[in-house]
Amino acid sequence: MDAAPGSLAAVLDALGSGLPKLILQVVVCAVLAGAILALAIPLAAMLATSGTLLDVLVWGVVALILQLLTLGVVVLGMRNFRGMIEGGNIAAAITLAGAQIAVALLNAAAMVPN
């Protein structure tokens, strides 16, 4: 028997079915946002310190490779990483985003001339 629309039971049913989907979407967005920031930080450092397009392109490729390596290290270091992400494990997503941003900051610092 379905709960009457607007009743507490209907609200709890909607919350029970919608909340897991929302959490998964937030996790996916957190991972994607971490990846976007991880690429933007080194590129911003290069744009601030060099005016040549070639420098930005070369260091952008370096940043991308470092981010892919970071992803590989995190995935290898955490068993069933994909399953955790698909299961809505926010801690796994935050770990990846944190590692990507940390590598991006170190990469950006290394790009800035002394």
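Of the 114 residues of the chain, 25% count as buried, where buried means under 20% relative accessible area, exposed over 50% and partly exposed in between, with a 1.4 Å probe and protein chains only. The structure is a predicted model, in which local features need pLDDT of at least 70 and side-chain atom pairs count only at pLDDT 80 or more, while totals for chains, interfaces and linings use all residues. Residues are numbered from 1 along each chain as its sequence is written, and side-chain values use heavy atoms, with hydrogens and water left out.

The C-alpha trace spans about 70 × 30 × 20 Å along its principal axes. Among contacts with a separation of 6 or more, 70% join residues 24 or more positions apart, contact meaning heavy atoms within 4.5 Å.

Helix H2 (residues 53-77) packs against helix H4 (residues 90-111) at an angle of about 145°, with the axes 10 Å apart. Axes are lines fitted to C-alpha atoms, for helices over the stretch in contact, and angles run from 0 to 180 degrees between N-to-C directions. From H2, Trp-59, Ala-63, Leu-66, Gln-67, Thr-70, Leu-71 and Val-74 meet Leu-96, Ala-99, Gln-100, Val-103, Ala-104, Asn-107 and Met-111 of H4. By class, this contact comprises ten nonpolar, four polar and no charged residues (nonpolar: Ala, Val, Leu, Ile, Met, Phe, Trp, Tyr, Cys and Pro; charged: Asp, Glu, Lys and Arg; polar: the others, Gly among them).

Gln-67, in helix H2, is buried, with a relative accessible area of 6%. Beyond its neighbours within four places in sequence, Gln-67 contacts Ala-38, Leu-39, Gln-100, Val-103 and Ala-104.

Met-46 lies in helix H1 (residues 8-49) and is buried, with a relative accessible area of 3%. With neighbours within four places in sequence set aside, Met-46 contacts Asp-55, Val-56, Trp-59 and Met-111. Met-46 and Val-62 are 16 residues apart in sequence and 12 Å apart in space, C-alpha to C-alpha.

Conventions:
Helix = DSSP H or I, 4+ residues; strand = E, 2+ residues; numbered from the N terminus.
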